[in-house]
Amino acid sequence: MLEEHCTAAKVVVSTRGEDGCDAVARKGNDLDIGALDMSEDWPKMTARHGTMRDIDTVITCASYALDGEQIVDTTGAGDAFIAGVCFGLATKQPLTHCLALGRRVAWHKLQGIGARSALPRASELGTLLGEP
């Protein structure tokens with residue numbers, strides 16, 4: 001259970017491949033969870049209260065649907081996801097935005113050959129979230 005691993009960290013994120021990802025946030029930290037209903041065309045996010053004493057929120061996120069023809073190479077997709085999440089955390093985005101950003105970066109990566117060829121540049125990340 002992911003909650004058991006969130007004993008010292010503010011948040012723990014786990015990828016589940018084509019099944020999406022999970023994030024666990026501890027109680028009493030300054031991390032903004034954010035809104036779960038960001039856009040109709042984004043994969044669904046759900047949240048529940050943690051079952052352990054120090055866990056505040058558990059977020060489960062669906063992945064973007066890609067058909068077999070859109071997936072060119074899976075090399076580095078998990079790393080791309082985590083890079084997007086870390087970028088979001090480093091720029092003080094709400095956790096839901098961080099997860100959405102990670103999913104979008106991984107979605108782009110899956111459509112290119114190799115671990116880096118399809119990764120978006122930092123200047124493109126705001127656009128990936130539908131921001132100006």
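Helices (H or I, at least four residues) and strands (E, at least two) are DSSP runs, numbered from the N terminus. The structure described here is a predicted model, in which local features need pLDDT of at least 70 and side-chain atom pairs count only at pLDDT 80 or more, while totals for chains, interfaces and linings use all residues. Residues are numbered from 1 along each chain as its sequence is written, and side-chain values use heavy atoms, with hydrogens and water left out.

The chain has three helices and four strands, and from the N terminus on these elements follow the order β-β-β-β-α-α-α. In terms of pLDDT, which is the predictor's confidence in each residue on a scale from 0 to 100, the chain has a mean of 77, and 71% of its residues reach 70 or more. Confidence is highest in helix 1 (residues 77–90), at a mean of 90, and lowest in helix 3 (residues 125–128), at 63. Where pLDDT is low, the predicted coordinates should not be read in detail. Of the 132 residues in the chain, 38% are buried, where buried means under 20% relative accessible area, exposed over 50%, and partly exposed in between (1.4 Å probe, protein chains only). Among the contacts in the chain with a separation of 6 or more, 58% join residues 24 or more positions apart, a contact being heavy atoms within 4.5 Å.

Helix 2 (residues 95–110) has 16 residues and reaches 23 Å from its first C-alpha to its last, which is close to the 22 Å expected at 1.5 Å a residue; the expected span is 1.5 Å times one less than the number of residues. Because 13 of its 16 residues are buried, helix 2 is largely enclosed by the rest of the structure.

Two packed helices are described by the angle between their axes and the distance between the axes. Helix 1 and helix 2 pack at an angle of about 145°, with their axes 7 Å apart, where axes are lines fitted to C-alpha atoms, for helices over the stretch in contact, and angles run from 0 to 180 degrees between N-to-C directions. The residues that make this contact include Ala-77, Phe-81 and Gly-84 of helix 1, and Leu-99, Gly-102 and Lys-109 of helix 2. The residues of the contact divide into twelve nonpolar, three polar and two charged, given that Ala, Val, Leu, Ile, Met, Phe, Trp, Tyr, Cys and Pro count as nonpolar, Asp, Glu, Lys and Arg as charged, and the others, Gly among them, as polar.

Thr-75 lies in the loop between strand 4 (55–61) and helix 1, and counts as partly exposed at 43% relative accessibility. Leaving aside neighbours within four places in sequence, Thr-75 is in contact with Lys-109, Gly-114 and Ala-115. Asp-19 belongs to the loop between strand 1 (11–15) and strand 2 (21–26), and, with neighbours within four places again left aside, is in contact with Cys-61 and Ser-63.
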